[in-house]
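Colleague: Before I use these labels, I would like to see what each one rests on. Please take me through them.

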Amino acid sequence: MSINAELRDSVRLPGGGVLVNGFAFESRPDGGRRALLRNGRELEVYDLDELFAGEVAPVGVFPLPWAGWDRGVHSVSPDGAFAVFSGQRAVRAVGRGGEVLWEYRHGCWGPELGHPHSGDEQQVCRGLEHGSCRVADDGRTVWAHVVHDEREYWAVLDAADGRELARLPLESAAAGSYHVSHPDGIHMGLSIGMGQDGILLYWARWDGEKLVHWDLNETEDRILADVHPGHSGFLTIEHYGSDLRLHALDGDPLALAEPGSHDEDPDQEHDPDQEPSFWDYGCGFVDAGTVIAATGDDEEDPDQAGHWLLDAHTLGTRGRVRYPDGPVAGYVRPLGDGTWLTFDSRTDTLNRWGAAPL
């Protein structure tokens, strides 16, 4: 079955591809949705609703702290008053005027253990490894994935002064990470990618005195994909795309979507709308009742690349998305309000879609 997509909004946004296939998208439970885009030596912050309404100027601009550092996943406070940057050797909070509010020092993400530094605080070492940070939805704490004494930790910092409130030792050797704040305003998720060594997924809450945490790492290898106010849990994808799962917040699986196969009858004419053969990494909640998921290119079946709508409670497949001007492949960014984003790199255009009325 095909489900027709309807173009709701479109805007030219150079560099906007990282909203869809990177970590530049930041949402808040109050409905705020922002794009955090690097532009030269600055981080430009765009309000997505204002952007699609024609306001193309950023709502905030923050200077990037470290020359030569182009990694890490950063965050902006809910009120837009400050940004927090995940650096190679520090987490730094910067005000709208560019002033440094505080800095939390940690070990180096560089891959060579015990390597020396020149003493220059701005020195960037070789390597692609990085951590991430996230300002909590109440603006009171900052959660950061950091290194201390050659071991990785998940730290909770006071957003006012950078003081460490708690620290959880991790069993990770990260290539990179990102945070997802749960819309309940209490819990924070951390997804750590370790390349071919797999994925680690943690959830935690800070109760004002201690850090309460749990994970899915003993028996699972899953990427934290998305959350939604209409669900108390979260959505994940298996590391190699073998299935999608809806979980309760404690990790218990509630629903499973395993891709189908069209190898059963090789003589039958291929139907591109039948069940996909494997999932790609782009998926999430279009709204409380709908999940959108991507399928990637298959050398034996290139027509499989595309987007699919699923029931958000059962993860049963509803149908393949059909776009008015032909196939749109690649990652997709659902917004949770009934729409989703794609990016056309040929024209630097960010498109916002919804399902067309039946």
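What follows sets computed values against the cut-offs behind the labels.

Modeller: This is a predicted model, in which local features need pLDDT of at least 70, side-chain atom pairs count only at pLDDT 80 or more, and totals for chains, interfaces and linings use all residues. Residues are numbered from 1 along each chain as its sequence is written, and side-chain values use heavy atoms, with hydrogens and water left out.

Colleague: What makes cysteine 125 buried?

Modeller: Buried means under 20% relative accessible area, exposed over 50%, and partly exposed in between (1.4 Å probe, protein chains only). Cysteine 125 has 11%, so it counts as buried.

Colleague: How do you know that aspartate 9 and arginine 352 form a salt bridge?

Modeller: The term requires a side-chain nitrogen of Lys or Arg within 4 Å of a carboxyl oxygen of Asp or Glu. The closest N and O atoms of aspartate 9 and arginine 352 are 2.5 Å apart, so the pair qualifies.

Colleague: What makes aspartate 337 a salt-bridge partner of arginine 352?

Modeller: Their closest N and O atoms are 3.4 Å apart, so this pair also meets the cut-off. Salt bridges that share partners join Asp9, Arg33, Asp49, Asp337 and Arg352 into one network.
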